[in-house]
Number of protein chains: 2
Amino acid sequence: MTRRPTLAVVGATGAVGEVMLQILSQHADVWGDIRLVSSPRSAGRKLAVRGEETEVAALTEEVFEGVDIAMFDVPDEVSAQWAPIAAAKGAVVVDSSAAFRMDPDVPLVVPEINPHAVRLRPRGIVASPNCTTLAMIVAAGALHAEFGLSELVVSSYQAASGVGRAGAETLRAQLSLVAGTELGAAPGDVRRVLGEDTGPFPAPLALNVVPWVGTYGQDGWSSEELKIRDETRKILDLPQLRVSATCVRVPVLNTHSLAVHARFEHEVTVPRAHEILATAPGVVLFDDPAAGNFPTPADVVGTDPVWVGRVRRSLDDPQGLEFFVSGDNLRKGAALNTAQIAELVAAEFMPL
Amino acid sequence: MTRRPTLAVVGATGAVGEVMLQILSQHADVWGDIRLVSSPRSAGRKLAVRGEETEVAALTEEVFEGVDIAMFDVPDEVSAQWAPIAAAKGAVVVDSSAAFRMDPDVPLVVPEINPHAVRLRPRGIVASPNCTTLAMIVAAGALHAEFGLSELVVSSYQAASGVGRAGAETLRAQLSLVAGTELGAAPGDVRRVLGEDTGPFPAPLALNVVPWVGTYGQDGWSSEELKIRDETRKILDLPQLRVSATCVRVPVLNTHSLAVHARFEHEVTVPRAHEILATAPGVVLFDDPAAGNFPTPADVVGTDPVWVGRVRRSLDDPQGLEFFVSGDNLRKGAALNTAQIAELVAAEFMPL
């Protein structure tokens with residue numbers, strides 16, 4: 001086969017889908033036909049991809065006829081139902097939901113880290129990691145390759161759009177209510193003004209931070225915290241890796257950040273860590289705090305790589321390294337990684 | 001001596017001073033005369049304390065004549081100059097700046113943890129810790145007393161008012177510019193709208209998080225991160241304790257939070273940790289995430305204690321515990337702890 005494969009984009013009308021269409025337009029020469037697919041509710045809309053207005057089709061079995069690769073950016077339960085249907089129709093599914101990530105017969109792929117894993121996909125499905133894992137794993141994986149990772153302690157600063165369009169819209173609406181007022185410094189202010197309805201978040205997000213992301217997992221851990229642990233272990237093929245994550249939502253629209261404490265098998269130095277990060281694919285090293293250079297969501301949003309700064313060796317442990325990462329949760333954290341995986345599969349259709 | 005001591009409040013007109021006057025009014029029976037003192041710029045203003053309008057005096061040597069205890073809530077360099085002058089005049093100084101915290105002849109006191117330390121003060125000065133240390137140390141110290149702390153990895157979520165009134169005012173002004181717009185999700189948006197002037201912060205704070213607090217310390221560490229390590233070691237009398245801190249400013253007005261990963265000498269259990277935290281002085285245990293109960297700044301602001309939630313044992317380490325704390329940086333993080341120390345000293349004037 002030396003033809004351009006046919007692509008289906010399932011979930012084309014969501015927050016991630018919007019970014020995906022931008023990325024597909026930038027990588028215009030990879031794909032043959034591109035079919036846009038959504039829930040029946042959003043079907044019929046026309047969206048621009050590669051400069052062409054394209055009508056969005058409703059999700060049905062028939063839509064996968066002749067499709068080589070199908071990207072899914074939809075809720076877990078939709079993926080769980082429909083990805084096997086698409087695979088049965090012969091499409092290779094690249095799924096960004098959590099539905100298949102921990103399935104031993106589904107590879108979990110970050111192209112900068114484990115591109116080889118994409119080839120072994122007995123169910124015809126390849127999974128893309130959670131957006132928070134993705135913000136951290138490219139840098140952590142590059143350092144692991146040199147120093148041998150033994151433990152991660154991470155705390156997240158996660159953006160509102162991690163729960164989709166409704167998250168960003170809720171934060172904007174809350175900010176409109178509190179901005180320009182004297183509110184927020186006195187007890188109960190924020191809840192009084194914003195009312196009981198906190199949208200997709202379990203507490204007000206404007207002028208606040210919320211130490212709970214996802215659903216209840218086990219033993220007090222949130223689902224998001226367990227995902228970071230489980231997915232990191234699988235991607236790095238380190239099933240015994242110690243991982244402790246605390247996931248916190250912050251009033252940022254797009255771009256997740258993490259403070260990372262990493263412990264390695266071998267002694268680390270900042271100069272060598274800088275060399276590794278400066279040349280690692282998908283990473284921007286931005287680390288000169290004395291000059292005001294460290295990653296912040298405001299600077300990182302809309303860019304493809306993850307940005308790394310605040311690199312320093314643990315003061316009490318020559319095998320410990322601290323760093324801070326920021327990555328756009330809609331780009332590398334979702335659409336971009338899915339597109340990169342799909343392009344790895346597409347390359348099988350167009351051998352050198 | 002069995003009289004009520006005379007108190008001077010130096011820095012009465014600042015953000016912390018405002019909260020201090022509320023606290024002094026609530027604890028109205030501790031003090032004899034209360035003198036309010038400020039820089040010459042703010043002197044002459046009248047402020048209410050214990051229901052009386054009191055004129056603010058300018059900071060001079062003479063203002064300390066007859067003063068038993070002087071609280072200082074002023075910048076480091078003002079404390080460095082004036083605290084020894086007040087001490088030479090016979091006042092016991094309780095200083096909330098960083099000027100004397102690491103002086104071996106100055107005790108660093110958290111009344112819930114090391115109240116005994118207040119008695120040994122060869123310079124006549126007692127120091128109160130940094131606001132970020134204070135948000136975490138009461139809970140960590142209570143757990144240490146039972147399990148024996150061996151390592152801390154903490155990431156902070158610090159409020160704008162940690163740099164004083166200008167911090168909160170800057171955040172409010174920035175929010176007014178971005179709220180009600182579509183800004184913040186596209187590259188460069190926030191910087192373009194807010195301009196080059198980011199006030200007391202090294203980057204825009206609205207719709208952003210800024211992984212840099214304080215000044216440049218050493219080897220890539222910020223002064224704030226080093227303070228947490230040094231002060232925690234001194235307060236807990238654990239000079240070898242491993243501490244790694246990452247300090248991050250978030251768009252919250254008041255109340256600092258920290259995600260804490262603590263490792264102990266002994267095995268920990270969540271039920272026992274809950275028992276300890278539920279009965280620890282100065283701590284509110286608020287930990288039932290399935291019911292939506294975890295500390296957030298919006299709920300904690302304006303309250304005296306530190307609130308602890310998200311308590312869980314590390315999944316890969318029976319000696320590891322994770323938790324999340326929030327404490328009002330102007331109350332326990334500053335004015336309240338200073339007032340508590342001053343009351344410990346005042347008790348020496350009023351023996352049982």
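Strands here are DSSP runs of E at least two residues long, numbered from the N terminus. The views below all come from a predicted model.

**View 1. How chain A and chain B are related.** Turn chain A by 180°, with a shift of 0.0 Å along the axis, and it can be laid on chain B with an RMSD of 0.0 Å. That's the relation of a two-fold axis. As for the contact surface, 100% of the interface residues of chain A are interface residues in chain B too, so the two copies meet through the same surface.

**View 2. The annotated binding-site positions of chain A.** An unreviewed UniProt entry puts the feature "binding site" at Thr13(A), Gly14(A), Ala15(A), Val16(A), Arg41(A), Ser42(A), Ser161(A), Gly162(A) and Asn329(A). These positions cover 317 residues of sequence and are spread in space as well, with up to 25.2 Å between C-alpha atoms.

**View 3. A look at Arg41(A).** This one, listed by UniProt under "binding site", sits in the loop that runs between β2 (34-38) and β3 (46-49) of chain A. Arg41(A) counts as exposed because its relative accessibility is 76%, and the cut-off for exposed is over 50%.

**View 4. Gly162(A) and its contacts.** Here we're in the loop between β9 (149-157) and α4 (165-178) of chain A, where Gly162(A) lies. With a relative accessible area of 35%, Gly162(A) is partly exposed. Setting aside neighbours within four places in sequence, Gly162(A) touches Arg249(A), His256(A) and Asn329(A), going by contact between heavy atoms. Asn329(A) turns up in the UniProt "binding site" list too, along with Gly162(A).

How values were computed:
Residues numbered from 1 in each chain as written. Chains lettered and ligands numbered in written order. Predicted model: local features only at pLDDT ≥ 70, side-chain atom pairs only at ≥ 80, totals over all residues. Heavy atoms only, no water. Least-squares fit on C-alpha atoms with pLDDT ≥ 70 in both. Contact = heavy atoms within 4.5 Å. UniProt positions renumbered as here; feature names shortened; annotations may be inferred. Helix = DSSP H or I, 4+ residues; strand = E, 2+ residues; numbered from the N terminus. Buried < 20%, exposed > 50% of the residue type's maximum accessible area, 1.4 Å probe, protein only.
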